[in-house]
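Hi,

Here is the structure I promised to pass on.

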Amino acid sequence: MSYLITGGAGYIGSHVVRALRQAGERVVVLDDLTTGVAARIPDDVPLVVGSTLDRAVLDTAIAEHGVTDVVHLAAKKQVGESVEMPLLYYRENVHGLQTLLEAMAAGGVARLVFSSSAAVYGMPDVELVTEDTPCLPINPYGETKLVGEWMARAVGKAHGISTACLRYFNVAGAAAPELADTGVFNIVPMVFERLTAGAAPRIFGDDYDTPDGTCIRDYIHVADLAEAHVAAARKLAGPGPVRDLTLNIGRGEGVSVRELIRLIAEVTGYEGVTPEVTPRRPGDPARVVAAADRIGAELGWKARHDVRDMVTSAWAGWRHHHPEA
């Protein structure tokens, strides 16, 4: 098999490339390098610089590299930005996937692993979010991921493409310092940035209906996430009819924002810093924690890393990319 990894030079994508290569698979990366970093890609992995919006580039990559499977991670993913620029998000995330699926169907590509998100659920008022929890996204980013799932399944059924839609919860950590997240959009690097700048980390609202008043989330180590992609790809390639999998990727354990900041302070040595409480951000649900039993039953996969592993490895990556820290 030969895997095309779209967005393979990104934070998550580079980990998926690493995991598939360690599993003995052939890989080619497609990335427009707007946020991806070419240096994350091993020298012996082909890199096609281009966009999923470019059908000619996709057709050529599929034909030249004998692509049999696609792992589609390339997407815009910032919630706030999606509210400000919804047309950009629909263009990149929805039309980009449409163009990719057209190329896959024309090129006879048999399987697709699609990077979805817990954002498809919106603000679920449940203890654990199962794959059957109603999908009611509350921002354009979540909408584009849900539309992407619909499109992938429909095209899969029409063209005999097996699909797996993986709904990520909150991703953190690094399998190696050089692969760490270089963006400052998620809570762990946001706290690192504040602490190393001598500023107090921010808590957006402490009056939620949770034990300590702060939001509760389910965190997954990016290395575990990458292994889930390998497991999903192997499942799709196994014997049996065309498959249509939809799976949460989480640990099934909630951690509050205050608990996470306390752990980050302990790991980094910035203990004693009092977080700054600011107003709630619009649309933040009080609690979003995955039910993670279905992925175990379907793929035999279970997360191996805890939150301390995530923070420790992310901090090593932060210091690698910010030697002054």
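**What I found**

Strand S5 (residues 111–117) and strand S6 (residues 162–168) run parallel and are joined by 7 bridges. Keep in mind that this is a predicted model. To get your bearings on that pair, find Leu-112, which stands opposite Thr-163 in S6.

Now zoom out to the sheet. Strands of a sheet pair through backbone hydrogen bonds, either parallel or antiparallel. Here the pairing is parallel, in an open sheet of 7 strands with the order S3-S2-S1-S4-S5-S6-S10. Which strands stand at the edges? Those are strand S3 (47–49) and strand S10 (244–249); each has a single partner strand, so one side of each is left without a neighbour in the sheet. On average, neighbouring strands are turned by 20 degrees against each other, if you ignore direction.

Helix H7 packs on this sheet, where it touches strand S1 (2–6), strand S4 (69–72), S5, S6 and S10. The direction of H7 makes about 160 degrees with that of S6.

H7 also meets another helix. The axes of helix H1 (residues 11–22) and helix H7 (residues 222–237) come within 8 Å and cross at roughly 55 degrees. The two are therefore oblique to each other, and H1 passes H7 in a right-handed crossing. On the H1 side, the contact is made by Tyr-11, Ile-12, His-15, Val-16, Ala-19 and Leu-20. H7 brings Val-222, Leu-225, Ala-226, Glu-227, His-229 and Val-230. What kinds of residues make up this contact of H1 with H7? They divide into 9 nonpolar, 2 polar and 1 charged.

Cheers

Conventions:
Residues numbered from 1 in each chain as written. Predicted model: local features only at pLDDT ≥ 70, side-chain atom pairs only at ≥ 80, totals over all residues. Heavy atoms only, no water. Axes fitted to C-alpha atoms, helices over the stretch in contact; angles between N-to-C directions. Helix = DSSP H or I, 4+ residues; strand = E, 2+ residues; numbered from the N terminus. Parallel < 35°, antiparallel > 145°, perpendicular 65-115°, else oblique. Left-handed = near helix turned anticlockwise from the far one by under 90°. Contact = heavy atoms within 4.5 Å. Nonpolar A, V, L, I, M, F, W, Y, C, P; charged D, E, K, R; others polar. Pairing = 2+ DSSP bridges.
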